Amino acid sequence: MRRVLLLAFLGIACSTYREDLNRGQRLYEENQYDHALAIWRMLEDDMDSLSANDQARYAYLRGMTDYRLGYRPYARHWLGIARSIEKEHPGGLNQEWRDRLNKSLDDLNNDVFGGAERFDKDASTFVERSTDAPGDSDAGVTEPTPPSGP
């Protein structure tokens, strides 16, 4: 009997967390970021009670809420978690969210690594990025020098 009650309680608790997640998402989509953040902060301690897909959704929405409010270090943290969860357990984020996550993380990572040299995987060489022209993705990129000799 106790076991049945415990399982019923756990089912209700998980349902409540998902309802909080849905409510927070609705507030986020309505541009009520301060209210959504209050939900995210309340839900944070119970994030592990959500399924992996809902954890990815929570971390994404939490990160994007922080991003919209200008809390960039927190946004970077949560979006990084969302990317990790989504990589390990695909399916929590739709393609539009994954694209926005990657674009936002690139912007946030520029805060930390901006202006530094980076390794260009396609060219197999180092290229310099200039921070003088934000939004111009080709600004300051040095073309790789072809190898000399035969």
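Let me begin with the largest nonpolar core, which has 28 residues. The residues with the most contacts inside this core are Leu 21, Trp 40, Tyr 58, Tyr 60, Leu 61, Leu 79 and Leu 101. Helix H1 (2–29), H2, H3, H4 and H5 each supply at least two residues of the core. As general background, nonpolar side chains in soluble globular proteins tend to be buried together.

Please keep in mind that what we are viewing is a predicted model. The mean pLDDT of the chain is 79, and 66% of its residues reach 70 or more. Two stretches call for caution. Over residues 4–14 the pLDDT is below 50, and beyond near neighbours in sequence this stretch has one contact in the model. Over residues 123–146 the pLDDT is also below 50, although that stretch has 28 contacts in the model beyond near neighbours in sequence. Where pLDDT is low, the predicted coordinates should not be read in detail.

I turn now to the aromatic residues. A pair of aromatic rings is described by the distance of the centres and the angle of the planes. How many aromatic pairs does a search of the whole structure find? The search finds four. One of them joins Trp 40 and Tyr 58, with 5.7 Å from centre to centre and 85° between the planes, an edge-to-face arrangement. Trp 40 lies in helix H2 and Tyr 58 in helix H3, so this pair ties together parts that are 18 residues apart in sequence. Both Trp 40 and Tyr 58 are buried.

Next, consider the rings of Tyr 60 and Trp 97. Their centres are 4.6 Å apart and their planes are at 20°, so this pair is stacked. Tyr 60 is in helix H3 and Trp 97 in helix H5, and the pair links parts of the chain that are 37 residues apart. Are these two residues buried or exposed? Tyr 60 is buried, with a relative accessible area of 0%, and Trp 97 is buried as well, at 11%. Leaving aside its neighbours within four places in sequence, Tyr 60 is in contact with Leu 79, Ala 82, Leu 93, Trp 97, Arg 100 and Leu 101. Ring pairs also link Trp 40, Tyr 58 and Trp 78 into a cluster.

The remaining topic is charge. Side chains of opposite charge can pair when their charged atoms come close. The count in this model comes to ten salt bridges.

Which residue forms a salt bridge with Arg 62 at 3.0 Å between the closest N and O atoms? That partner is Glu 44. Because Arg 62 lies in helix H3 (residues 52–69) and Glu 44 in helix H2 (residues 33–44), the pair ties together parts that are 18 residues apart in sequence. Arg 62 is buried, with a relative accessible area of 7%, whereas Glu 44 counts as partly exposed at 32%.

Arg 62 also forms a salt bridge with Asp 66, where the closest N and O atoms are 3.7 Å apart. These two residues are four residues apart in helix H3, so about one helical turn separates them. Asp 66 has a relative accessible area of 1% and is buried. Not counting residues up to four places away in sequence, Asp 66 touches Leu 37, Tyr 71, Tyr 74, Ala 75 and Trp 78.

Arg 98 is in helix H5 (residues 95–113) and Glu 86 in helix H4 (residues 72–88), so that the pair links distant parts of the chain, twelve residues apart. Arg 98 is partly exposed, with a relative accessible area of 26%, while Glu 86 is buried at 9%. Finally, Arg 18, Asp 54 and Arg 57 are linked in a network of salt bridges.

Tyr 58 in helix H3 pairs with Trp 40 in helix H2, Tyr 60 in helix H3 pairs with Trp 97 in helix H5, and Arg 62 in helix H3 pairs with Glu 44 in helix H2.

Definitions and conventions: Residues numbered from 1 in each chain as written. Predicted model: local features only at pLDDT ≥ 70, side-chain atom pairs only at ≥ 80, totals over all residues. Heavy atoms only, no water. Salt bridge = Lys/Arg side-chain N within 4 Å of Asp/Glu carboxyl O. Buried < 20%, exposed > 50% of the residue type's maximum accessible area, 1.4 Å probe, protein only. Phe/Tyr/Trp six-rings, centres within 6.5 Å; stacked < 30°, edge-to-face > 60°. Core = buried A, V, L, I, M, F, W, Y, C linked by side-chain atoms within 4.5 Å. Contact = heavy atoms within 4.5 Å. pLDDT = per-residue confidence, 0-100.
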